[in-house]
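User: I would like to learn how to read a structure feature by feature, beginning with the general idea and then turning to the case at hand.

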Amino acid sequence: MLPDLPAVGVRFLANPKLERSAPYGLGEQWILSHAYHRDVFAEISSWPDYAVTPLYDLVGLAAQARLGRLLYKDESQRFEVGNFKALGGAYGVLRWIQHEVERLTGVGGVTARDVLGGAHRDIAAGITVTCATDGNHGRAVAWGARMFGCRAVVYLPAAASHEREEAIAAFGAEIVRTHGSYDEAVRQAQADARRNEWFVVSDTSYEAYVNIPRDIMQGYTVMVREILDQLPDGVPPTHVFLQGGVGGFAAAVVGHLWEGMGAERPTAIVVEPERADCLFQSAAAGQRASITDVHGTALDALACGEVSRLAWFLLERGTDAFMTIPDDAALHAVELLRRNDPPISAGPSGAAGLAGMLCAAENETLRTALGLGGSSIVLVIGTERNPSGNARFPRQPLEE
Ligand SMILES: Cc1ncc(COP(=O)(O)O)c(C=O)c1O
């Protein structure tokens, strides 16, 4: 027996600043563009073991939720990393290598193929990349560093699980366990990098640090392009539910679709854990807002208190709605996926978009507000494989 979906903890906010018909302007294009996307796609799709991840048509769940169709992109199979962040974090590592090779030799546009073929190995070996992570980004950076022959130092918040730590260390990264939150780990990585002349590969952007997060978000758009190529009969979704941490993932999807489809793009709903809802709070406040207490959510990869500046630039006008979900809803979605035929591996953070969709589809007010119904084609993206292998209780929720 599955537990009933929880009725409490779900909050919903139609985006007061939505500008659905606004053109995808120069500011937006500076962050993400189809032109840059084509280069990034060519690069990442040339990496060893690159494969398009599956897009499942979840017929049973669509019927249960009284929807026309439910499409599920499964990033649990993304490279050996097992989450979508591989497309961003590892690309960020490559960007620093390109930068350093150009600075030291004058040779521009070095590719992964060049580096893996042995070119500029000495320069790559002299580079230390660093980042803070709730788990998945650090894994992606560690994997990229190993692939390209760099050193990686990864900062973890105090609350990160041992499974997350081991998964990062398995790719050869050195781990620094901090005493505070994810946002504090970001600041510590930044300060140590400055002192040690390391290269920060952050998936969140902040003042005077935008280029690498921009590259990382562009890396995520590889996944969006795959989805567009995989759509049954080429028919685009009407809705997309996107889980939010610092907002980079959601912004990459929204930005790519906004540029390609304009006002005809799918209705986008950002879904966050009820106790780590910095994007929701920003939308409610009408400007980027931070929250300080993000502890105690089983959706640990989404436990961020500060919004990425670049991501917010795209999400502020481009997202239709924001919602929060209780942890139980995500655990429920993890279980539904595990029972799917074939079984799908997802952690609660990775299943949060599906959970948000199920909460919205069950609630008549939200169904109406979002225009969800029998002709809707809903897209969700499972962004990570289950980090613990134990689908029911992926990690012990932290003490309050
Ligand atoms: C599994 C998973 N899904 C979604 C996200 C959200 O990405 P972002 O922090 O860019 O909003 C993360 C972030 O780490 C993640 O690990």
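User: Before that, how should I treat the numbering and the origin of the model?

Analyst: Residues are numbered from 1 along each chain as its sequence is written. The model is predicted, and for that reason local features need pLDDT of at least 70 and side-chain atom pairs count only at pLDDT 80 or more, while totals for chains, interfaces and linings use all residues.

User: Which domains does the domain assignment give?

Analyst: Domain bounds come from an automatic or database domain assignment. Here the assignment gives domain 1 (11-83 + 213-382) and domain 2 (86-202), and their centres, taken over C-alpha atoms, are separated by 25 Å. The contact between them, where two residues count if their C-beta atoms, placed from the backbone, lie within 7 Å, takes 27 residues from domain 1 and 23 residues from domain 2.

User: Which elements give two or more residues to the side of domain 1 that touches domain 2?

Analyst: Helices (H or I, at least four residues) and strands (E, at least two) are DSSP runs, numbered from the N terminus. On that side of domain 1 the elements are helix H2 (34-44) and helix H10 (211-230), with H10 giving the largest share, eight residues. For classes, Ala, Val, Leu, Ile, Met, Phe, Trp, Tyr, Cys and Pro count as nonpolar, Asp, Glu, Lys and Arg as charged, and the others, Gly among them, as polar; by this scheme the side of domain 1 that touches domain 2 has 15 nonpolar, six polar and six charged residues.

User: In what order do the strands of the open sheet run?

Analyst: Two strands pair if DSSP finds at least two bridges between them. The open sheet has four strands in the order S6-S5-S4-S7, with parallel pairing. Strand S6 (174-177) and S7 stand at the edges with a single partner strand each, so one side of each is left without a neighbour in the sheet.

User: How is S4 paired with strand S5?

Analyst: S4 and strand S5 (residues 151-156) pair in the parallel sense over five bridges, with Val129 standing opposite Ala152 in S5. Val129 also stands opposite Phe199 in S7.

User: Is Glu163 buried or partly exposed?

Analyst: A residue is buried if 20 or more other C-beta atoms lie within 10 Å of its own, exposed if 12 or fewer, and partly exposed in between, with C-beta atoms placed from the backbone. Glu163 has 18 other C-beta atoms within 10 Å, so Glu163 is partly exposed. Its place is in helix H8 (residues 162-169).
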